[in-house]
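Let's take a quick tour of how a protein packs itself together. Have the structure open while you read, and look up each residue as it comes along.

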Amino acid sequence: MTLHDLLIQPFVDFGFMRRALGGALALALGSAPMGTLLVLRRMSLMGDATGHALLPGAALGFLIAGPSLAAMSIGSFLAAIGVALGAGVVARATAQREDASFAAFYLIALALGVMLVSLRGTSVDLMHLLFGTILAVDDGALLLICGTTGVTLAVLALLWRPLIAECVDPGFLRSVGGPGRWVHLAFLVLTVANLVAGFHAMGTLMAVGLMMLPATAARFWVAQVGGLIAVAALIAAFSGLAGLLLSYHAQWPSGPAIVLVAGAIYLLSLFVGSREGLLWQRLRRPHRLA
């Protein structure tokens, strides 16, 4: 078997592989900046919690309208926004930290979603909602993913400076009269929108992996925000391509394969990353003592 047969032929022969690759690359472009901003805000677990919070809305949309792209997208978007806003209100109205309130709300949402699917759906329906099937992405889902990515990049271009300021020092943005609340809301909506787009390809559990793992891996290589986003996007794109090829040749489930590739890159970066990797820290230590 030649290199062409391994890397290129699957995408030449099969339309579903081309659609899956297009969806994975679009997700990489949209999710990478949002994951990077979440890491900068030290809200990485918010992405995980919001991804889980999609489930009850998606399940309700599925039960009402079947596998309808519009119904499941609207339901999952509203559910995730509701959980995020609810957690924020609780954090502001009580002494509880925002991460704790997020954990409580997403656990409730996850259990509710599983219950809704179990009442009227099947185990196959539940597995599809949780883990997705990127190889089954159709033209409608691909259009949604690409549209979400386009809107995300456009909004980021418009709000880049206030978004960075709000992530790094929200108190400063408020002190100078900046639109901190509206910027935070836009950031929240973009995060949820990208998770909803990812949900149609990779399920509620796997979508957040392509958003957060490349962003956390990038921190071990570069420090500047622009570089972080670029490296995260490259890692996410490579993870999508390599995961799809592994899925095709090894008969692995596609979503977990993509996330496992991203996880392997994260572990590699943890050890050999040039900025904060464990190996480089160990090599620098004698020079510091000297």
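Predicted model: local features only at pLDDT ≥ 70, side-chain atom pairs only at ≥ 80, totals over all residues.

The largest nonpolar core has 43 residues, and helix 11 supplies the largest share of them, twelve residues. Helix 3 (15–40) is one of the elements that give two or more residues to this core, and helix 3 also pairs up with helix 12.

**The nonpolar cores**

- In the largest core, M34, L37, L38 and L129 are the residues that touch the most other members.
- The top contributor is helix 11, with twelve residues.
- Which residues does M34 contact, once its neighbours within four places in sequence are left aside? They are T152, L156, F187, L190, T191, N194 and M211.
- Another core, of 23 residues, lies apart from the largest one, and its members include A24, A28, A197 and L245.

**Helix 3 with helix 12**

- To describe two packed helices, you give the angle between their axes and the distance between the axes.
- For helix 3 and helix 12, the axes come within 8 Å and cross at roughly 145°, and the crossing is right-handed.
- On the helix 3 side, the residues that meet helix 12 are M17, A20, L21, A24, L25, A28, A32, P33, T36 and L40.
- Facing them from helix 12 are V225, L228, I229, A232, A233, A236, A237, G240, L241, L244 and Y248.
- Sorted by class, this contact has 19 nonpolar residues, two polar ones and no charged ones.

**Helix 4 with helix 5**

- The axes of helix 4 and helix 5 come within 7 Å, crossing at roughly 145°, and this crossing is right-handed too.
- Helix 4 brings T50, A53, L54, P56, G57, A58, G61, F62 and A65 to the contact, while helix 5 brings A71, M72, G75, S76, A79, A80 and V83.

**A closer look at T149**

- You'll find T149 in helix 8 (residues 139–158).
- Is T149 buried or exposed? T149 counts as buried because its relative accessibility is 6%, and buried means under 20%.
- Not counting residues up to four places away in sequence, T149 touches A26, L27, L29 and G30.

How values were computed. Residues numbered from 1 in each chain as written. Heavy atoms only, no water. Core = buried A, V, L, I, M, F, W, Y, C linked by side-chain atoms within 4.5 Å. Buried < 20%, exposed > 50% of the residue type's maximum accessible area, 1.4 Å probe, protein only. Helix = DSSP H or I, 4+ residues; strand = E, 2+ residues; numbered from the N terminus. Contact = heavy atoms within 4.5 Å. Axes fitted to C-alpha atoms, helices over the stretch in contact; angles between N-to-C directions. Left-handed = near helix turned anticlockwise from the far one by under 90°. Nonpolar A, V, L, I, M, F, W, Y, C, P; charged D, E, K, R; others polar.
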